[in-house]
Amino acid sequence: MEHVKDPSIYRNPVILQSEQLNEYILETAIYPREPKPLKELRDATHNHPWGFIATLPDAGQLITLLLKLLNPKKTIEVGVFTGYSLLLTALNIPDDGKITAIDIDRKAYEVGLPVIKKAGVEHKIDFIESPALPILDKLLEDPANLGTYEFAFIDADKENYVNYHERIIKLVKVGGLLIYDNVLWGGRVAWPEEEVPPHSRSGTQAVIEFNKRITEDSRVEFALTSVGDGLSICRRIA
């Protein structure tokens, strides 16, 4: 291997301008491979006042690859919004696969529903308009549900991530995946507490606590990635 005069350029990736690098990744690797229905749904979400909370397409590409490797038939999603992650899941599970999709806002889901219908995958989705915890508790009441889900994607209120995890891990089979979005919370998990805006402090603290709990959870092996706004990819092992 040829030696370089300044090896620090490899040790310190922050010298790269993140916006330029992100644009490079999107234009080079993400958008050229993004399926047309996902692009249509992303465009439909663009003008939504909360459009910035949608699953980012680079995160979606990684999730798509994991779904293709796992090939699950029974999945669960907590937090749907307009349905970008829901649609990509529906596109990448078998035709007889099912997704239990839980969100408190059906109106947001209906923004993406025409695209989901056009893609021919609505039959895979069981959308439940409700807070997630009561639905998860109801699922847990039936022993037949325990350890039967193969894949879970969680992108809802961060204050309940620990509560969601304690329930969903019982529903997902050993060997199944649980993926949590926004685990870097816009980078605020690494900020000094006094620099976090007041409106974001509860969410920031919740994500920090969740990341700590996952790190200590012997029931999973996991990777905390910086893709999108941070994905925690957990594989249940016990």
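**Helix packing, burial and backbone in a predicted model**

User: Happy to look at this predicted model with you! At roughly what angle do the axes of helix α2 (residues 18-30) and helix α4 (residues 57-70) cross where they come within 10 Å?

Analyst: Good place to begin. The axes of α2, residues 18-30, and α4, residues 57-70, come within 10 Å of each other. There they cross at roughly 45°.

User: Which class does that give the pair, and is the crossing left-handed or right-handed?

Analyst: The crossing angle is roughly 45°, and that makes α2 oblique to α4. As for its hand, the crossing of α2 and α4 is left-handed.

User: Which residues meet in this contact, and how many of them are nonpolar, polar and charged?

Analyst: From α2 come N22, L26, A29 and I30, and they meet P57, D58 and Q61 in α4. Sorted by class, the contact has four nonpolar, two polar and one charged residues.

User: Stepping back to the whole chain, what radius of gyration does it have, and what would a compact globule have?

Analyst: The protein chain folds into nine helices and seven strands, and its C-alpha trace spans about 60 × 40 × 40 Å along the principal axes. For 238 residues, a compact globule would have a radius of gyration near 18 Å, so the chain agrees with that expectation: its own value is 18 Å.

User: What share of the contacts with a separation of 6 or more joins residues 24 or more positions apart?

Analyst: Here is some context on burial: 43% of the 238 residues count as buried. Among contacts with a separation of 6 or more, residues 24 or more positions apart account for 70%.

User: How many of the eight residues of helix α5 (residues 84-91) are buried, and which are they?

Analyst: Helix α5 is largely enclosed by the rest of the structure, because seven of its eight residues are buried. By name, the buried residues are Y84, S85, L86, L87, L88, T89 and A90.

User: N71 and N182 have a positive phi although neither is a glycine. Where do they lie, and is each buried or partly exposed?

Analyst: Most residues other than glycine have a negative phi. N71, with a phi of about 50°, is in the loop between α4 and β1 (74-78), while N182, with about 65°, lies in the loop between β5 (172-181) and α9 (201-216). Buried means under 20% relative accessible area. At 43% relative accessibility N71 is therefore partly exposed, and at 12% N182 is buried.

Terms used
Residues are numbered from 1 along each chain as its sequence is written. This is a predicted model: local features need pLDDT of at least 70, side-chain atom pairs count only at pLDDT 80 or more; totals for chains, interfaces and linings use all residues. Side-chain values use heavy atoms; hydrogens and water are left out. Axes are lines fitted to C-alpha atoms, for helices over the stretch in contact, and angles run from 0 to 180 degrees between N-to-C directions. Helices (H or I, at least four residues) and strands (E, at least two) are DSSP runs, numbered from the N terminus. Angles under 35 degrees count as roughly parallel, over 145 as roughly antiparallel, 65 to 115 as roughly perpendicular and the rest as oblique. A crossing is left-handed if the near helix is turned anticlockwise from the far one by less than a right angle, and right-handed if clockwise. Contact means heavy atoms within 4.5 Å. Ala, Val, Leu, Ile, Met, Phe, Trp, Tyr, Cys and Pro count as nonpolar, Asp, Glu, Lys and Arg as charged, and the others, Gly among them, as polar. The radius of gyration is taken over C-alpha atoms; the globule rule is 2.2 Å times the number of residues to the power 0.38. Buried means under 20% relative accessible area, exposed over 50%, partly exposed in between (1.4 Å probe, protein chains only).
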